[in-house]
Amino acid sequence: MALTPSNPDALLAKNVHPSFQTRVIGVQSVPSPMNREYQIRFTAGLLALFTAAAITLAWINFRKESLFVAPYDGARWVERDGNIVADRVDANGPASRSGIKAGDRLVAVDGNSMSRPESITRQMYQDGVWSKITYSVLRGSVPVDATVILVPREHASNDWLRAIALIYLGIGLYVLFRRWTAPGSTHFYIFCLVSFAFHAFHFTGKLNSFDWTIYWGNVGANMLQPALLLHFVLTFPEKHPVLKKRRWLAPILYLPGTLLLTYHALAFGMFRASENLMGRLDRFWLAYLALYFVAAAGVLLHSYREANRPILRQQLKWLTRGTILAITPFTLFYVIPYLVGMMPGTWMKLSVLSLGVLPLTFGYAIFRYRLMDVDLIFKRGMVYALAAVAIAGAYFTVVAMVGELVHTRMPGAGTTGLVLAIIVTAILFDPVRKWIQERMDRYFYRTRYDYRHTLVEFGRELKAETDLDKMLSAVVDRFSRTLLVDRMAIFVASNDQPNALTLAKSFGIQQTSGIDLSFLSTARPERTESHLFFENTHYVPRETPSAQETIARLDLNYYIPCRAQKTTVAVIGLGKTVEGDFLSSEDVELLETVAGYLAIAIQNSRLYASLEQKVAQYERLKDFNENIVESINVGVMAVDLADRIESWNSQMEVMYALPRWQALTRPLEEIFPAEFVEEFSRVRQSPGIHNLYKFRLATPTGETRIINVAIAPLVTKKFSVVGRLIIMDDITERVDLETQLSQADKLSSIGLLAAGVAHEVNTPLAVISSYAQMLSKQLQGDEQKSSVLEKITRQTFRASEIVNNLLNFSRTSGAEFAEVNVNRVISDTLSLLEHQFKTAKITVHDDLYQHLPSIQGNAGRLQQVFLNLFLNAKDAMPNGGKLRITTSNGDAVSVTVSDTGSGIAQEHIQRIYDPFFTTKATPQDGQKRGTGLGLSVTYGIIQEHAGKIRVESSPEEGTTFYLDFPLIRKAVNV
C-alpha cells in the first residue's frame, strides 16, 4: 500500500480513508408535502442509480485486476536535469538484483531510447510479467547494461481496502433504510458511497477507457470524501454555531478539493504531467486528506465535550477516540514524513493500516448504541425488495395487457394506458407490502409474533384489571415472553410521596432488598428524553455511590417511565435480551406506547383499591357490633316475638354443640328441652330482666351443662319490644372447681382434726406398748398370758401406725425438698415390694423414660406415695395380675400406675381421698383390713409437691392413676 508518485497506479494506492458516525440530525426546510415527496423519490432514484453504478464498476474493476497482472521492475524513475534517473531502487528487487543502483541515468530500454518515465511503463506492459528487459544506463560516465526480470506488482493491500469499502457501503445502507426520511440521512449515505468508491476503485495500469474511468472516479472520491466528512461532523448531532451564523461556509469546505481536482486534471490535459509534478500532487492530496481528517476529529471532540445525553455521549466517545486513534499514526508516521520528502518504507506502510479502525469504530458505535436494529433493517429490506419484485411483476403484466389492448383496439391511447398502469401499480403497492410485511413478521418472530401483534391491545386491556398485583404480574410475564429479556422490574410510585419509587414486581433479579431508587427521580439533562439508558450498568460515574450500587445490582439497561397527566406513576426496567443484545428501537417505541396504557391502568387500580378500602371500612363498622357479640365468652341468643331464633353466636355453638345454620329461624321448643322452654315461657310474660341460676341444661350430645341464664327484652331505639335476648353463661367448670375447693377444705379440716387426735392418742399408746412389753418379758413362761400380751403389743403398734398416718396426712410442710429422680424412687419402691409381688403372682412392667428430668421434692414422701399406690394395686389383684408403671416427659413429669384388678365403683371414686374411707372393711384372704388413710396421705403429699392426681377406673377392668409433677424452673442469667 505504498503512497508513491512513481507511476499512476501507485498514485491510486494512496486510498487511505476515514470513516464516520451514525446518527444524523439536521434541519432542512420543506416547502410543501408534495415537493418533499418528489424530492425524496428523485433523490432515492438518483442514489439507487449511483449505488448500482459504483457497485458494478467496483465489481468489474475487481475482476479485471484479478485477471490482469501488472509488471514491476523494482525501481522508481524520475526526470532530473533532462535525464531519466533511478530515484529509488527497492532492496532485493528485480532492478537491484540486475545491478542497477540509485542515481544511474537511463539511456535506453531494449535498444529503444527513453525520453519520459511513462515510456518505461509502456515498455514493461508491452513485454509483460516474467520477461527479460535490458536497461542501458550510465553510472557516472561508464555505460552499463543490466538485464531485469519483471515481476508481478503486489495488490494485496487493494483487497484490504475493498473490505473497508464494503463496510462503508453496508453502514450507509443501514442508516438509509433505518432513517430514510430523517434529515441528513442523504448526506451521510453520499459520504459512505463516496468512501466506497475511494477504497474500491483501483485501476490496473492498462490505461484503456475503463481504466481511466476507474482512475478519475478514485480521484473524484478522494476530493469529496474529506470534505463530506468534515461537513457531516459539523452538523452532527446538531448544526455547529459557525454554520448557523455563516451558511456560506459549507460550500467553502469543498473549495480546496475542487481546486486540487482542477489542478490534477490540468496536469494531465494541458500540461506535461511529469513524475515530479505527480509527486507534488500526491503530497497535496495527502496534506488535504490529513488536514480535513484532523479538523473532523477536532469537531467530534468538541461535540463530545458539549453532549449531555448518555447515548449520544457513548456514540461520540467511540467515534472521537476511534477517529483520533486512526488518524494519529497515519498522520505522524506517513503523512508528515512523506511531505518532508521521505519515501514510504515498511513502517510508513503499516501506519496506513490504522485507518481501518475508522469504519470498525463507526460500525461498533452504530450496532452497539443504536439499539441493535440490524434485524429490523434486514427484515424491512427483504420486505421492500419482495414488494418491489411483486409490484414490478404486476406492473409489467398490466403494461403488457394494456399495451396489447391499446394496440389492438385503441391505437391512439398509448400514453393513457401507461398512466393507468402507473396508477394501478401505486394502488397495489401498499396492500402488497403490508401482506408481505405480515408474512415476514411471522417468519422472523415465529412464536413471538402473536405477542408482538397483540402487545398494544394488551396495554389497552390493562385497565380492565383492578388487582394491581395481578396486573403487574401479567405485564412482567407478557413483556418477558415477548421481548425475551433476561431480567425485568416494575417500580411503582408511592401515593403519599410521588417521587419515592418502590420495587413492586421483578423477574430474573435476585437481590431486591436495600436498594436506593432515588436516581429514578433525580433531575438530569436527559430528562427530556423518553427513557433512561445505561449502556454499562457497572460504570455510571455521574450517579451517586448508592445509585451506582443499585444500578449494578439491578443490572437493568432501560428505565422507561409510565406517565399519566404529566406525572410518573411507575417505571419499567428492562435488561438485555437472553442473547446479550440491546433492544431494538422498535421494541423501545412499543414499550413507550404501552407504558402510557400501564400508567392509566395503575391509576385505575389504585382508585379502585381506594374505593374498596372505603367499602371495607363501612363493612367493618357494620360488623363491629356483631363481632362484639361473637367475641364474648357467653352464649348470646335472640328470638323474635314468635320465639323463633334470629341470632346464635359462636359461643352458643360451642356450649350447646349445635351449629348456627341448624338453629336459626327454628322455634325455641324445637331446639331446647322442655324444662328450659317451660322456664322461659314462665318468665317471658313478665317485664324486666329475669335470671335462672345453676340451671341444668341437657345438650344434644347427651352432656349436661350448668348455666346461669339471663332473659331480657330486645328493644329498638324507640323502645319497642321486638323479641327477647337470652344470655347463657356456662358455669360447669366453675362448679367443678368449687366442688374441688370444697373437697380440699374438707380434707384440710379433717387433717387438722386428725393432727390433734394423733398427738393425744400417741402418748397412751406408747405407755400401753411399753407396759405390755415389760409384762411379756416377765411372763415368758406363761404361754397363755404371753399370747395375750403379744396381741396387746401388736394392736398397739397397729394403732400407732394409724396415728402416724394421720400425722402424715395432716403434715403440709416441714419436709426438705431437693432434686429427686422419680425413676429411682419408683425403682427403689418396686425393689422393696418385689417379694410381695412374687408371692401374689403379680407381673410388674416398668416403662421408665431414660432421660426423665428431675423434679423438686422429698424422696421419702414420694416413696410413700408410690408404696400406697402399689400396695392398693396388689390388694386389688388377689388372684394375680399385671402392674404397669410408665414415666414420660412433656409439660410436666408424668407417672402412670395401672393395674388389672377389680377396679373402683363409680359411686366410690369421688370419696377415695376421704380419710378413713376404705373398701377393705371385709378383707379377703391374705389381705389386711384397710385404715382408709393411704390415698388421703397420698393426695396430701401430691398437693405438697404442687402436683396433680387423677384416677380412671371401671369395675372389673382395672384402675389407672395419673400423676403430674411440675418441672424444675432453673434461673436464667440475663
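1. Helices here are DSSP runs of H or I with at least four residues, strands are runs of E with at least two, and both are numbered from the N terminus.

2. Before going on: this is a predicted model, where local features need pLDDT of at least 70, side-chain atom pairs count only at pLDDT 80 or more, and totals for chains, interfaces and linings use all residues. Residues are numbered from 1 along each chain as its sequence is written, and side-chain values use heavy atoms, with hydrogens and water left out.

3. Back to α4 (residues 117–127): Pro117, Ile120, Gln123 and Met124 are buried (under 20% relative accessible area; exposed is over 50%, partly exposed in between; 1.4 Å probe, protein chains only). They sit on the same side of α4 because their arc around the axis is only 110 degrees, taken from the directions from the helix axis to the C-beta atoms. Exposed Arg122 and Gln126 are on the face turned away from that buried side.

4. The open sheet has five strands, ordered β10-β9-β13-β12-β11, with antiparallel pairing (two strands pair if DSSP finds at least two bridges between them). β10 (501–507) and β11 (532–533) are the edge strands, each pairing on one side only. β9 (residues 488–493) and β13 (residues 567–574) share five bridges, and Val492 has Ala570 in β13 as its bridge partner.

5. Leu867 belongs to α29 (residues 859–875) and is partly exposed at 28% relative accessible area. Beyond neighbours within four places in sequence, Leu867 contacts Thr829 and Leu833 (heavy atoms within 4.5 Å). Val825 is 42 residues from Leu867 in sequence, with 10.0 Å between their C-alpha atoms.
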